Amino acid sequence: METKNLADLYDLPPLEWGPIEARLNDALTMAPGTGGPDRHSAWLATINADGSPHVTGLGALWVDDAFWFVTGERSRKGRNLARDPRCTMSLATHDYDLVVEGSAERVIDPPVVEDMAARWADGGWPASVDESGLALTAEYSAPSAGPPPWVVYRLTPHQAHAVSTIEPGGATRWTFAED
């Protein structure tokens, strides 16, 4: 991983990826009082067919060095990702704002889909695997996900930027080795 200090102009040290990743591993929720200004907000940006951005809020998990999320195949983000997997996930925590750039791949491995359903269920969203074994269903989801079934995506990071929101401050970019 390559690290670039974006705040050396202010004589601030680079941020360390380890504490940021440790916070991501703690399962960020969108419940009030859990982070950000008052809660964690995750935002996914995809690319519309005309090249313009499409940004939507969603729930995401950080597992095995990647963001995981779901959406309906016919939702705008689902159609955008099917056409162009490049995307960006942004979120705010109490300690930093983070943007992760990469590409999202639809997950079609039934054991992995089952594992992610269990993780979401453990976190409070009653997701379960549907009869296809390749998608999730539940009593509810975010309105932006569209109707079930919801397919699982893994966003593999290529680059991340973080800006500290606490003293002493700082800003850093990380470039990750691509597989």
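What percentage of the 179 residues in the protein do buried residues make up? In this predicted model, the share of buried residues is 41%.

**Figure 1. Overall fold of the predicted model.** The protein contains three helices and eleven strands. Read from the N terminus, these elements follow the order β-α-β-β-β-β-α-β-β-α-β-β-β-β. The C-alpha trace extends over about 55 × 35 × 25 Å along its principal axes. The radius of gyration is 17 Å, which agrees with the value near 16 Å that a compact globule of 179 residues would have. Of the contacts between residues at least 6 apart in sequence, 59% connect residues at least 24 apart.

Figure 2. Ser-75 counts as buried because its relative accessibility is 9%, and the cut-off for a buried residue is under 20%. The side chain of Ser-75 takes part in two views of polar atoms shown here. It reaches the backbone oxygen of Gly-72 at 2.8 Å. A polar atom of the Ser-75 side chain also lies 3.1 Å from the backbone nitrogen of Gly-78. When neighbours within four places in sequence are left aside, Ser-75 is in contact with Ser-144 and Ala-145.

Figure 3. Which residues does Gly-102 touch, not counting residues up to four places away in sequence? They are Pro-85, Arg-86 and Cys-87, together with Leu-155, Thr-156, Pro-157 and His-158. Thr-156 is 54 residues from Gly-102 along the chain, yet the C-alpha atoms of these two residues are separated by 5.5 Å.

**Figure 4. The second largest pocket and its lining.** The volume of the second largest pocket is about 200 Å³. Helix 1, residues 17-25, gives the most to the lining of this pocket, with three residues. Among the lining residues are Pro-19, Ile-20 and Arg-23, as well as Leu-15 and Glu-16. The lining also includes Asp-95 and Tyr-96, and Ser-164, Ile-166, Glu-167, Pro-168 and Gly-169. By class, six of the lining residues are nonpolar, two are polar and four are charged.

Definitions and conventions: Residues numbered from 1 in each chain as written. Predicted model: local features only at pLDDT ≥ 70, side-chain atom pairs only at ≥ 80, totals over all residues. Heavy atoms only, no water. Buried < 20%, exposed > 50% of the residue type's maximum accessible area, 1.4 Å probe, protein only. Polar contact = N/O pair within 3.5 Å; in protein donor to acceptor, adjacent residues only side chain to side chain. Contact = heavy atoms within 4.5 Å. 1 Å grid on protein atoms, 1.4 Å probe; cavity = no way out; pocket = protein on both sides within 12 Å on 5 of 7 lines; lining within 4 Å. Points joined across faces, edges and corners; volume = space filled by probe spheres on them. Helix = DSSP H or I, 4+ residues; strand = E, 2+ residues; numbered from the N terminus. Nonpolar A, V, L, I, M, F, W, Y, C, P; charged D, E, K, R; others polar. Rg over C-alpha atoms; globule rule 2.2 N^0.38 Å.
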